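Visitor: Hello! I am new to this structure and would like a close look at a single part of it.

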Amino acid sequence: MKQNVPGSNPGMVDNELDIRGLFRTLWQGKLWIVGVAVLFAAVALIYTFFAKQEWSANAITDRPTVNMLGGYYSQQQFLRNLDLRANMLPVDQPSVMDEAYKEFIMQLSAYDTRRDFWLQTDYYKQRQVGNSKVDAALLDEMVDNIQFTAGDVTRNTSDSVKLIAETAADANNLLRQYVAFASQRAASHLNEELSGAWAARTVQMKAQVKRQEAVAKSIFDRKVHSIEQALKIAEQQNISKSETEVPADELPDSEMFMLGRPMLQARLESLQAVGPNYDIDYDQNRAMLSTLNVGPTLDARFQTYRYLRTPEEPVKRDSPRRAFLLIMWGMVGALIGAGVALARRPKLL
């Protein structure tokens, strides 16, 4: 690109981009370019040996099987059967496995779970410095190093969790421990819910049995009173035999005295010997109440998840990325070296 300035010497050229001169200057300063590039790359290499390393392990989880839930499944299903008999179950009731896994995911992603996990690990205790503010900042950083990603049904992805640590072995071991820790907390919460629901069903069943006994006792007392009154009338009227052809079960209470004193006395003695009459529902409720009175058998170690991807030791480090840093800072050094070479070129007078 050339521009002639009016009134100037035609032999002089201003604003000229000399490509050949530029490359000649860069070639002459190649030692600066290479030297600064190597220097920056060496500094970056040394940094990678002393910088804090980050390795990440990953796990993918899904809902557990029936066998993994153990006794919790059978006892929870028993309570559901009670609700089914009482027509208390909603139409869209999730399965026991879904409820257990939902609680596990809640614990896995909870801040308190991550915080409590780090507080009881030797990994965190060994890195404490005794300063409350520094230790609190370290704890917050470690909490953020556990990252949960919810699954997406539309994209066919499952729930996953990632843990970042300073070594590959620590990342793998700590992630396994954290998943087990979250599962244990979920199992503890589920057992507490089971115990509460069991106690509530026990109280409810006791009330139902008591109500059925009260109803049966009321019906029994009314029948006894009716027969006693009929017997008194039969004795007053001196009715010693049945004076009606209507079956006894079809007679109204006001005409029962017509059965005669012997039959009424026999019916009264038979009724008092048998006692109140209960239906099959009462017997079933008594059996259910006997089971409920025993109480639930809690298992603190049942598993609320299953692995779709088991944690393993990572083979690639997340940070620092040595090759990337060498290339990036080598290029930065080369550019700075080129600038130095251009700055040192001889100036034309």
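Visitor: To get my bearings, how many helices and strands does the secondary structure of the protein come to? And then, which residues of helix 10 are buried?

Guide: Welcome! Please keep in mind that this is a predicted model. Its secondary structure comes to 12 helices and four strands. The protein has 349 residues, and 31% of them are buried. Among contacts between residues at least 6 apart in sequence, 78% join residues at least 24 apart.

Now to helix 10. This helix runs over residues 261-274, and at 1.5 Å a residue its 14 residues should span 20 Å; the C-alpha atoms at its ends are 20 Å apart, so the two values agree. Its buried residues are Leu264, Leu268 and Leu271. Because these three cover an arc of only 70 degrees around the axis, they lie on the same side of helix 10. The cover over these buried residues includes helix 9, residues 168-237. Turn to the other side of helix 10 and you will find Ala273 and Val274, which are exposed.

For another view of the surface, look at Leu22, which is placed in helix 1, residues 19-28. Leu22 has a relative accessible area of 32%, so it counts as partly exposed. Together with Ile19 and Phe23, Leu22 forms a nonpolar patch on the surface, and the three have about 280 Å² of accessible area together. The accessible surface of the protein comes to about 22,500 Å², and 55% of that belongs to carbon and sulfur atoms.

Key. Residues are numbered from 1 along each chain as its sequence is written. This is a predicted model: local features need pLDDT of at least 70, side-chain atom pairs count only at pLDDT 80 or more; totals for chains, interfaces and linings use all residues. Side-chain values use heavy atoms; hydrogens and water are left out. Helices (H or I, at least four residues) and strands (E, at least two) are DSSP runs, numbered from the N terminus. The expected span of a helix is 1.5 Å times one less than its number of residues. Buried means under 20% relative accessible area, exposed over 50%, partly exposed in between (1.4 Å probe, protein chains only). The arc is that of the directions from the helix axis to the C-beta atoms. Contact means heavy atoms within 4.5 Å. Patches are made of residues with over 30% relative accessible area and no salt bridge: like charges are joined within 9 Å, nonpolar side chains (Val, Leu, Ile, Met, Phe, Trp, Tyr) within 5 Å. Accessible areas come from the Shrake-Rupley method with a 1.4 Å probe; for residues, only the protein chains shown count as cover. A salt bridge is a side-chain nitrogen of Lys or Arg within 4 Å of a carboxyl oxygen of Asp or Glu.
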